[in-house]
Amino acid sequence: MASVSVSTTLNTDEVEFLCQADETLLDVLRNRLGLMGAKEGCGTGDCGACSVIMDGRVVCSCLVLGAEAQGKTIETIEGMAQGSELHPLQKKFIEHAALQCGVCTPGFLMAAKALLDANPSPTEEEIRFWLAGNLCRCTGYDKIVRAVADAAAEMRGEAS
Amino acid sequence: MRYERPETIGDATALLASAKGRAFVLAGGTDLLVRMKSDAFEADMVVDIKAVAGMSDISETADGFEIGAAVPCAALGEHAGLVAAWPGVVEAANLIGSTQIQGRCTMSGNLCNASPAADSVPALVAAGARVRIAGPDGTRIVPVEDVPQAPGKTTLKKGEFIAAILLPKPAQRSGDAYLRFTPRTEMDIAVVGVGVQLALDAKGVVETARVALGAVGPKVVLAEQAADTIIGTALDDAALEALAEACSAASNPIDDKRGTAAFRKHVAGVLARRAAKIAYERAGGK
């Protein structure tokens with residue numbers, strides 16, 4: 001099988017890699033680039049644990065070929081904090097105990113970031129619908145929804 | 001497996017036509033990549049069409065809208081002109097999958113995957129949409145309902161792929177709607193889906209109508225007799241009842257894990273009635 005040579009922008013860095021033609025972006029991130037934040041839950045686009053942001057849209061990296069990353073801008077959980085300063089969403093997830101085992105958390109954070117990038121003031125219903133493609137078996141979702149709403153309020157400069 | 005990213009329609013069709021073994025078109029990949037992971041599926045070549053000019057564009061033309069084959073469904077909902085002209089089509093496309101899936105999945109892929117339960121297909125058929133098919137012998141334009149043949153099978157020939165979906169300009173005083181039944185509110189597959197499009201005369205009487213049913217047969221059903229029941233009416237209760245009966249009669253579903261045939265026949269009528277009322281209101285009828 002022929003290897004494909006890919007140049008992409010990953011968390012603001014220019015990155016080049018070789019991958020197999022049928023290799024997913026998720027496998028490239030984890031196995032070739034050492035970025036273990038995105039998780040494989042189902043591998044079929046149902047659970048959202050592998051969510052990354054590609055050209056501004058949140059996608060399941062298990063349903064993207066590594067080769068398709070050519071010329072794209074990819075954001076993963078590893079690029080979310082600025083140095084040691086956590087993103088407001090990350091802080092609020094901790095504050096609200098919006099995680100337990102943590103497997104779904106990178107995906108939830110990337111999906112929530114894409115939501116707040118597009119809509120700084122989502123309603124609870126909008127948050128729940130937006131995050132319907134991210135499955136969590138620990139929290140019961142309520143704490144996640146509250147953490148996202150609280151982070152949005154903080155990012156709008158409103159005291160919580 | 002080979003991965004190819006042609007930059008012209010000619011190169012794409014040439015690759016597909018000359019492929020030895022099984023070649024697949026890649027747009028959003030939300031169906032194709034899932035299938036590629038199953039043991040029973042083998043792809044020898046994947047042709048990614050997203051680098052071909054125009055594939056990711058929605059353009060407003062003199063005849064209506066041209067939606068490139070690789071336009072993700074999320075982009076349809078962000079296009080104010082398209083939402084205003086064809087709200088039913090956009091709502092149907094936006095029902096597919098999660099936010100993550102919406103960022104990748106396409107209506108052309110939904111059509112070519114040829115699932116009887118595809119949400120966007122009945123809405124497109126009701127809207128009278130057509131597709132532009134590119135192939136080794138040039139392009140041809142066919143109605144959407146002529147693309148699916150059977151579950152998982154289309155009428156596309158070797159070397160051909162859908163380059164764009166063509167939506168007409170909506171007629172004056174017209175409206176469309178799509179409704180589906182699912183046990184859950186999101187992340188689910190239609191048990192039944194119904195698309196309705198109608199146009200009214202100045203007095204609010206239905207002049208033309210198209211009704212399309214999904215998930216009640218091996219492929220989408222263009223229910224012409226059902227549409228005839230509301231033409232010439234002001235969508236009164238008797239007309240709606242006749243429409244529901246005709247839609248149930250036009251349904252030929254199976255029993256499966258998502259619903260029984262009897263339930264599907266009934267729900268096809270219920271949804272048709274509700275969708276027709278929404279389309280009627282959107283057309284300006286009272």
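1. In this predicted model, strand β6 (residues 130-135) of chain B pairs with strand β10 (residues 161-168) of chain B; the sense is antiparallel, and five bridges join the two. Within this pairing, Arg130(B) stands opposite Leu166(B) in β10(B). As background, the strands of a sheet pair through backbone hydrogen bonds, either parallel or antiparallel.

2. The two strands belong to an open sheet of five strands in chain B, ordered β4-β5-β10-β6-β7 with antiparallel pairing. At the edges stand β4 (58-61) and β7 (138-143) of chain B, each of which pairs on one side only. From one strand to the next, the twist averages 25°.

3. An unreviewed UniProt entry annotates residues 1-172 of chain B as "domain: FAD-binding PCMH-type".

4. The largest nonpolar core has 153 residues. Among those with the most contacts inside this core are Val194(B), Cys247(B) and Ala272(B). Leaving aside neighbours within four places in sequence, Ala272(B) is in contact with residues including Val194(B), Val211(B), Leu243(B) and Cys247(B).

5. How many residues of chain B are in contact with chain A? The contact involves 20 residues of chain B and 24 residues of chain A. On the chain B side, the elements that give two or more residues are β1 (2-4), α2 (32-36) and α6 (99-102). The residues on this side comprise eight nonpolar, seven polar and five charged.

Methods
Residues numbered from 1 in each chain as written. Chains lettered and ligands numbered in written order. Predicted model: local features only at pLDDT ≥ 70, side-chain atom pairs only at ≥ 80, totals over all residues. Contact = placed C-beta atoms within 7 Å. Helix = DSSP H or I, 4+ residues; strand = E, 2+ residues; numbered from the N terminus. Nonpolar A, V, L, I, M, F, W, Y, C, P; charged D, E, K, R; others polar. Core = buried A, V, L, I, M, F, W, Y, C linked by C-beta atoms within 7 Å. Buried ≥ 20, exposed ≤ 12 C-beta atoms within 10 Å, placed from the backbone. UniProt positions renumbered as here; feature names shortened; annotations may be inferred. Pairing = 2+ DSSP bridges. Axes fitted to C-alpha atoms, helices over the stretch in contact; angles between N-to-C directions.
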